[in-house]
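Please look at the sequence and model below.

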Amino acid sequence: MKSDVKEINKLILRISKNDEVALETLFNITKEKMYYIAYEALTNASYVDDVLSESYLKIYKSAKSFNPKLNGYNWIYEIVKNTALDINRKSKNEKFIKIDESFLSDYTSDHYKMNNQILRNALKCLTPEEQEIIYLKIWERYTLKDIAKKLDKNLTYVHRKYIQSLEKLKSIMDEEYGG
């Protein structure tokens, strides 16, 4: 395990220098354990891919603040666990809309059309690749793994692009349309 920690620490240091290959390598050697950690920490297992996406993006963004004297595996573990706990908290606050006939009759309401147009306009600000990833994940309900296969990209890249695209979309909507 000691040699694994040294390797992980070296990869985190490379990531801090924006080495995307190091991020992919780190993901590949830690994904199974981190998947299990996320799965065990979540109250809704369907969020595991989201937790991993957000976690590895956080690792990428915060690698510069990592202290190489610490255990990199434990550092990653804490990021994954805390991300899962954050998603648990967010999911408790989610409001679910029951789709019934009254909702369907509202489908053509002016309010719905306005909100739908705001989203369409914001999506147009994304690159075609970002739009496709968002579309496949949210509307087609593809897993990130399936999206990676479909786009012929590696999973780490798709994870990162998906989270970045969501952040960009939220920022555009907040900025342009008041969220």
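Thr-25 is found in helix H2. This is a predicted model, and the values that follow are computed from it. Thr-25 has a relative accessible area of 28%, and because that figure falls between the limits of 20% for buried and 50% for exposed, the residue is classed as partly exposed. In sequence, Thr-25 and Leu-11 are 14 residues apart; in space, their C-alpha atoms are 7.7 Å apart.

Helix H2 covers residues 20-41, and it also contributes to the second largest pocket, giving six residues, the largest share of the lining. Helix H3 (48-62), helix H8 (144-151) and helix H9 (155-177) each supply at least two residues as well. Sorted by class, the lining holds six nonpolar, six charged and four polar residues.

The next residue is Asn-88, which is placed in helix H4, residues 72-93. Is Asn-88 buried or exposed? Its relative accessible area is 7%, and buried means under 20%, so Asn-88 counts as buried. The side chain of Asn-88 reaches the backbone oxygen of Ala-41 at a distance of 2.7 Å. Leaving aside residues up to four places away in sequence, Asn-88 touches Ala-41, Leu-42, Thr-43 and Asn-44.

Note on methods:
Residues numbered from 1 in each chain as written. Predicted model: local features only at pLDDT ≥ 70, side-chain atom pairs only at ≥ 80, totals over all residues. Heavy atoms only, no water. Helix = DSSP H or I, 4+ residues; strand = E, 2+ residues; numbered from the N terminus. Nonpolar A, V, L, I, M, F, W, Y, C, P; charged D, E, K, R; others polar. Buried < 20%, exposed > 50% of the residue type's maximum accessible area, 1.4 Å probe, protein only. Polar contact = N/O pair within 3.5 Å; in protein donor to acceptor, adjacent residues only side chain to side chain. Contact = heavy atoms within 4.5 Å.
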